[in-house]
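Hi there,

Here is the structure I promised to pass on to you. Have a look at it first, and then read my notes below.

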Amino acid sequence: MSGDLKSLRGSAAIAGVATFGCGEAPGYTDMELLANAARAAVADAGLTMQDIDGLCTASGGATMWPMPVVEYLGIRPTFIDGTMIGGSSFIAHLLPAMRALQSGQCNAVLVCYGSVQRTATFGRREVVASRRFLDPQPYEMPYEPMLPLSAYALAASRHMHQYGTTRRQLAEVAVAARQWAQRNPEAFMRDPLTIDEVLNARMVSDPLTVRDSCLVTDGAGAYVLVRADRARDLPKTPVYVLGNGTAVWNRQISSMHDLTVTAARDSGQAAFAMAGLKPKDIDVLQLYDAFTINVLLFLEDLGFCAKGEGGAFVENGAIAPGGRLPVNTNGGGLSCVHPGMYGIFAVIEAVRQLRGEGGERQVAGVKTALAHGNGGTLSSQSTAVLGLAEAL
Amino acid sequence: MLLTVQAMNTSIDTGGVLARHQAALNDGRFLIQRCGGCSRAVYFPRALCPHCGHGDLAWEVPKGTGTVYAVTTVRRKPEAGGDCNVSLIDLDEGVRLMSRVEGLPSTDVRIGQRVKARVMQQGGQGIVVFDLLGGDGEGA
């Protein structure tokens, strides 16, 4: 850990957050959802759009996405980060934004995302077809994996083989997410869900059923990052960024060295080292649950349990409301919201828990939170450790 | 819509490594690479060794034998082609690839089964698929 990174610990804080259009937003565009979330996050921070001079954003479709966002919002940013590494992007944006704030390159960074993946008229079939052409995977596509789902299914098959993990343990993750979602009025799926219902749900790519898989929703999220001293003068309780780390080891699942070990091991280690904290110091976790297996892998790779013990760790409602470790308190990508990329929603829920804005789902006494993003097919990983002033 | 190697009329001796690898498959031959720097096997084919960065990679015919490392069955309606096996196979040379195991129901494919590569033509291009080695496939 370089002194430089240590010195960035707590140097910036999230001053504003917002979501918009989560669930179904028929008749909207990606940009319209993004702009509504952006405007609300800036207002939440007690700032105006004219105060925003830094922008981080990414899109699943447009490769030059920061440009139309700058144009639409009418801003003139002196710092722009359009890094696109899938759903973890909006967590990976943190560290570059902190550097830009600390160097004086900019004073207020808006991180934002929006997608109408659920209701868009341009269907997923066309997206898949165009991606095949623009971003080919010639060594996988001939075998017709249903990507991204089949990649996670392969990882699950390996975890089950190697560690005796069961489908019932995977189902625990989906049921816990649903129980949290039932306490979140913003969540998309709030009907009761049982382990047996997950086990008997339609199989999509063995061993993962449709209930082991994230939602396809619309939705947008945004947050505003400023220097810590400025955050203290703004209306909302500052949420300090204590650590952030990002790691990519591969893109394709067939190039992943060990399907039971993700790059979250590196991203988590970097984030914890920068924060000077350990897993036991974290009060609430937001883990990118694109599929149930993700949560087991990240609990292990981030150090909350030993490798191979994720399945046993989540049993008996351990990560559900009232369990020993609160995970994905908004209902996660499995039951709350998943518009193509989820990472920004993990950050937003962490901030809401730290601010005590969780309503019926609020965890008592939260002073630290971890938000972890995943991208591609277990390809990119980014971990953020966040905390209140007491954690500085 | 995809620019296939065939469409580019490439032979094993011209073009980049992807084109050469595909040309060999189209010709019924499965090739991997071996690094001249660190001697490790490399797959998928690359212009440099992902282990040591060396640029001298030689083509090699693998033994073709390997082990199922991970497996899934993609569930599809019959009109969409029906259920389909997708497996990750570890070749004995120490490289992994995505493929499928044929000749048995996909849900009977198990991690640890020994398999052997076969080149077949699909959609106008050669691809590598695998068959169980030794009857019941539970060998080794």
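Helix α15 of chain A covers residues 343-355, so 13 residues in total, and its first and last C-alpha atoms are 19 Å apart, close to the 18 Å expected at 1.5 Å a residue (the expected span is 1.5 Å times one less than the number of residues). Helices here are DSSP runs of H or I with at least four residues, strands are runs of E with at least two, and both are numbered from the N terminus.

Before I go on, two words on conventions. This is a predicted model, in which local features need pLDDT of at least 70 and side-chain atom pairs count only at pLDDT 80 or more, while totals for chains, interfaces and linings use all residues. Residues are numbered from 1 along each chain as its sequence is written, and chains are lettered from A and ligands numbered from 1 in the order in which they are written.

Back to α15(A): twelve of its 13 residues are buried. By buried I mean that 20 or more other C-beta atoms lie within 10 Å of the residue's own; 12 or fewer makes a residue exposed, anything in between partly exposed, and C-beta atoms are placed from the backbone. Among the buried residues are A350(A), V351(A) and L354(A), but also the charged-type positions E349(A) and R352(A). Just after the helix, G356(A) has a positive phi of about 80°.

Touching, or contact, means that the C-beta atoms, placed from the backbone, lie within 7 Å. L386(A) and V224(A) have the most contacts inside the largest nonpolar core, which holds 169 residues. Such a core is a set of buried Ala, Val, Leu, Ile, Met, Phe, Trp, Tyr and Cys residues joined through C-beta atoms within 7 Å. Helix α8 of chain A (residues 167-181) gives the most to this core, with nine residues. The core also draws at least three residues from each of domain 1 (17-60) and domain 2 (65-132) of chain B.

Q169(A) has its place in that helix α8. Why does Q169(A) count as buried? Because Q169(A) has 22 C-beta neighbours inside 10 Å. Q169(A) touches G311(A), V314(A) and E315(A), again not counting residues up to four places away in sequence. V314(A) is 145 residues away along the chain, yet the two C-alpha atoms are separated by 6.9 Å.

Also in chain A, strand β2 (residues 54-57) is covered on both faces, with G54(A) and C56(A) buried on one side and L55(A) and T57(A) on the other. β2(A) pairs in the parallel sense with β3 (residues 79-81) over three bridges, and the bridge partner of C56(A) in β3(A) is D81(A). For two strands to pair, DSSP has to find at least two bridges between them.

Now to where the chains meet. The contact takes 22 residues from chain A and 23 residues from chain B. On the chain B side, β4 (65-74), β5 (84-91) and β6 (96-99) each supply at least two residues, and β4(B) gives the most, with six. That side divides into 15 nonpolar, five polar and three charged residues. In this count Ala, Val, Leu, Ile, Met, Phe, Trp, Tyr, Cys and Pro are nonpolar, Asp, Glu, Lys and Arg are charged, and the others, Gly among them, are polar.

Within chain B, the bounds of domain 1 (17-60) and domain 2 (65-132) come from an automatic or database domain assignment. Their centres, taken over C-alpha atoms, are 21 Å apart, and eleven residues of domain 1 are in contact with ten residues of domain 2. α1(B) gives the most to the domain 1 side, with three residues.

Three strands of chain B form an open antiparallel sheet in the order β2-β1-β3, with β2 (41-42) and β3 (57-60) as its edge strands.

Enjoy looking through it!

Technical notes
Contact = placed C-beta atoms within 7 Å.
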